[in-house]
Amino acid sequence: MLGVSLAGRKVVLVGGGAVTARRLARLLDDGAAAEVVAPQLAPETAAIVAERGVPWRAQPVARRDLAGAWLVHTATGDARTDAEVAAWCDQERILCVNASDGAHGSARMTSEVRAGDVLVGVTSDAGVDPRRTGRVAAAIRELVESGRVPLRRTREGAAGRVSLVGGGPGPVDLMTVRARRLLAEADVVVADRLGAVDVLEELDPDVEVIHVGKEPGHHPVPQHEINALLVAHARAGRRVVRLKGGDPFVYGRGGEEVTACLEAGVPVDVVPAPSSAIAVPQAAGIPVTHRGLASALHVINGQSGLSAATLASLHDDAVTTVLLMGVGSFAALADEALRHGVPRDRPVAFVENGHTDRQRTTRATLGEAARVAARANVRNPAVIVIGEVARADILLPMTTPSSAVVEPGATG
């Protein structure tokens, strides 16, 4: 089995049916200069031909149609015609996929699994069984997506790049497939203190892990040094993953890191993830929006103080305000909100260590929340939800109403 580049090379597809449509799209994605020869086109084939400007000769195939082709794919639905096309290809020394009888073509299409710049193809050398190869390819895809396949490059000299990867709220199995694949390819991982840090245990022993995690009031590695680390390792030809808690662009300073890479001419991409502003309340059974109750979401950083927009959201019964990194500043923020007339009975929920076995939810009202949080010894990491959705009876009515409720564990 060969890996053959068809980019810019002539490929002729004979027949206009559904099989041609599937193969045509795939060949075009690979950059092939594809042409179609068929008296008629099925709707799906016609759509691709029209949308992507594929040359189409609306006539039965003739031998001259194959001139200059590197590959011919024949799927007319007539075994005799397909066999004749395959015979012409043999005589002209053109590789041919005979979709009606794959065992008699000189080439076969594969079931493909792509992981970054690695392409895995599955085929058979004894006849054609697309269902079997499809099942095998699906199993390989599942293995690749789990991050357990050694995808790291071993040859020096390839260009480096940076990927800002959101780790989500913490559990490894909530990370995206792309995030797991990029970590499997990484030579260097620059990791935060929070998020899916357990995934670091799955890395190869020789992957360099650099911890740059920040805590409130303590930044051991300043942001400009983190930016410089990313650029330096990428310029050295390494694949760098910047692993962040939550989403890279939600109070993760991801925009600054992207800018630093782009200014240095380093390729960079961003992989999104569930923000803790949404995922952590969700773990405690708190929907940040809820039909008939909350139709808008306002997210703030605890260090930013109360702006006019935040005060407006706190006054609005239909807005949920989520406070990140705000345990230390909450008492002052709550006092200021109350002085500006925010209702004292506005529900508040503190969700600590979301999505872990140490998760705990402490509920109160705004007028009592600072005192209740201090008495419950609420600590970071915690997400604070202020708004009607923070009531304990939103999804499941409580039998004993209370203004201060502490709930250990996760919902569901």
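Leaving aside its neighbours within four places in sequence, Leu 306 is in contact (heavy atoms within 4.5 Å) with Ile 300, Leu 311, Leu 314, Leu 333, Glu 336 and Ala 337. The model is predicted: local features need pLDDT of at least 70, side-chain atom pairs count only at pLDDT 80 or more, and totals for chains, interfaces and linings use all residues. Residues are numbered from 1 along each chain as its sequence is written, and side-chain values use heavy atoms, with hydrogens and water left out.

**Nonpolar cores**

- A nonpolar core is a set of buried Ala, Val, Leu, Ile, Met, Phe, Trp, Tyr and Cys residues joined through side-chain atoms within 4.5 Å; buried means under 20% relative accessible area, exposed over 50%, and partly exposed in between (1.4 Å probe, protein chains only).
- The largest nonpolar core has 21 residues, and Leu 306, Phe 330, Val 348, Phe 350, Leu 366 and Ile 384 are those with the most contacts inside it.
- At least two residues of this core come from each of helix H9 (308-315), H10, E15, helix H11 (366-375) and E17; helices (H or I, at least four residues) and strands (E, at least two) are DSSP runs, numbered from the N terminus.
- Another core, of 19 residues, lies apart from it and includes Ala 21, Leu 24, Ala 34 and Ile 48.
- In soluble globular proteins, nonpolar side chains tend to be buried together.

- Ala 277, Ala 279, Val 280, Pro 281 and Ala 283 are the buried residues of H8, and they pack against strand E13 (296-301), strand E14 (319-324), E15 and strand E17 (382-386).
- Gly 285, which follows H8, has a positive phi, near 80°.
- Ala 273 is placed in the loop between strand E12 (268-271) and helix H8 (276-283), and counts as buried at 15% relative accessibility.

**Salt bridges**

- A salt bridge is a side-chain nitrogen of Lys or Arg within 4 Å of a carboxyl oxygen of Asp or Glu, and by this rule there are 20 salt bridges.
- Arg 180 and Glu 202 form one of them (2.7 Å, N to O); because Arg 180 lies in helix H5 and Glu 202 in the loop between E9 and strand E10 (208-211), the pair ties together parts that are 22 residues apart in sequence.
- Another joins the side chains of Glu 257 and Lys 244 (3.1 Å, N to O); Glu 257 lies in helix H7 and Lys 244 in strand E11, so this pair ties together parts that are 13 residues apart in sequence.
- Both Glu 257 and Lys 244 are buried.
- In helix H10, Arg 339 and Asp 335 are four residues apart, separated by about one helical turn, and their side chains meet in a salt bridge (3.2 Å, N to O).
- Arg 339 is exposed at 59% relative accessibility, whereas Asp 335 is partly exposed at 42%.

**Arg 346 and its surroundings**

- Arg 346 is found in the loop between helix H10 (330-339) and strand E15 (347-352), and is buried, with a relative accessible area of 4%.
- A network of salt bridges links Asp 317, Arg 346, Glu 388, Arg 391 and Asp 393.
- Leaving aside neighbours within four places in sequence, the residues in contact with Arg 346 include Leu 314, His 315, Ala 364 and Ile 386.
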